[in-house]
Amino acid sequence: MGNCLPTLFGFVRQQDETPLRRNRSSEGAMSFTNPNMLQQGSSYVNQLYQHNVIRQRQAEERGKEIDEAKKNRIRGLLDQIPADVFRGDMASNECAICMIDFEPGERIRFLPCMHSFHQECVDEWLMKSFTCPSCLEPVDSTILSSLTAHNMQSLQQITSSVPSSSAK
Amino acid sequence: MSNIALNRLQRECKEVVTNSEISETGIMIEILNENLTEIKGHIRGPPDTPYAGGMFDLDIKIPDQYPFSPPSVKFCTKIWHPNVSSQTGVICLDILKDQWAASLTLRTVLLSIQALMCSPEPKDPQDAVVAKQYMEKPQVFKSTAEFWTLKFAKGTVPVNTDYQGRVDKLKDMGVREEEAISVLSCNNWDLNRATVYIFS
């Protein structure tokens, strides 16, 4: 829309500068009404255009805010997923995302479904989709169950050492 | 393209190229440019399907975010299949859209497409005309798919002389062969309806 306006104005200006200008008096009605109509039309069009641009910008900003909030939420969740430095005696050996073998000393993240990846690789994926890249198991719901399993374990440890706490 | 993507693609290409099961599965890839963004895939038509004996080529484009985004894959060989557009070759397959996972590879994608060729899913069609024919006239679908395999994928089944005759009639009227086959297929090989469709 913004592109057609300059050409319209350009067209009117060009017409004014032609030798036909001499005949202006005979065409008075035309030359007076036409630019007026254009001006009225253009200010209305401009308003519409400005509103549109403002609305678009607002929508973009809102979208960015939502994206940022989502990313922050995921970052918070990522902290709850166990990660460790790879050691030679660990069972897994290849990252299914970059297809490169784990080297001792690299950061590895273990998802609740027991699949493991380079932390750098899997974090990028989890930002897009909160599922395991290998089995598509949603990480969200399983986090809770694995956490509770963890808690159960520690509870059991407590109960075995101090029998009185088992009543709770 | 990121380092992860380049590394992975190099390994994937090696995987497909060196894999000994290629002769059994009939999938192959061919690298078109050095930075591995454009790749050509080949799938041999699975036996006991209308595509048997044909060789189907696919265009594979690797996005910048690979493997976090799926590759875009479409048939460049024309194919008559409910989940593939008979006009553009676009494939309707969940793992190429929302079911993509970063652990999927070019090999698993091509194998999935091959599996789709074995068992079409007409309830989730890409080409509604083909899907309708698949459900309502399975025999016509089968012979049409075979005819397409022979014509476009260098298939080896004997030519259906009945269909070829109708194609020739349209060609005599100045219609290109590809268009003639396409329009006849969409009209269940009814020559009159195809003629009306083309010339009206």
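Into which domains is chain B divided? Chain B is divided into domain 1 (3-118) and domain 2 (128-199), with bounds that come from an automatic or database domain assignment. The model is a predicted one, in which local features need pLDDT of at least 70 and side-chain atom pairs count only at pLDDT 80 or more, while totals for chains, interfaces and linings use all residues. Residues are numbered from 1 along each chain as its sequence is written, and chains are lettered from A and ligands numbered from 1 in the order in which they are written.

The centres of domain 1 and domain 2 of chain B, taken over C-alpha atoms, are separated by 27 Å. Their contact takes 14 residues from domain 1 of chain B and 17 residues from domain 2 of chain B, where two residues are in contact if their C-beta atoms, placed from the backbone, lie within 7 Å. Between the chains, the contact takes 9 residues from chain B and 12 residues from chain A.

The table gives the classes on two of these sides; Ala, Val, Leu, Ile, Met, Phe, Trp, Tyr, Cys and Pro count as nonpolar, Asp, Glu, Lys and Arg as charged, and the others, Gly among them, as polar.

| Side | Residues by class |
|---|---|
| Chain B, touching chain A | 5 nonpolar, 2 polar and 2 charged residues |
| Domain 1 of chain B, touching domain 2 of chain B | 7 nonpolar, 6 polar and 1 charged residues |

Chain B holds an open sheet of 4 strands in the order 1-2-3-4, with antiparallel pairing; strands (E, at least two residues) and helices (H or I, at least four) are DSSP runs, numbered from the N terminus, and two strands pair if DSSP finds at least two bridges between them. Strand 1 (27-31) and strand 4 of chain B stand at the edges with a single partner strand each, so one side of each is left without a neighbour in the sheet. Strand 3 (residues 55-61) of chain B is joined to strand 4 of chain B by 4 bridges, and Lys61(B) has Ser72(B) in strand 4 of chain B as its bridge partner.

The unreviewed UniProt entry places the annotation "active site" on Cys92(B), although such annotations, given in the numbering used here with shortened feature names, may be inferred rather than shown by experiment. Cys92(B) lies in the loop between strand 4 (72-75) and helix 3 (106-118) of chain B. Cys92(B) has 18 other C-beta atoms within 10 Å and is therefore partly exposed, a class that falls between buried (20 or more such atoms within 10 Å) and exposed (12 or fewer), with C-beta atoms placed from the backbone.
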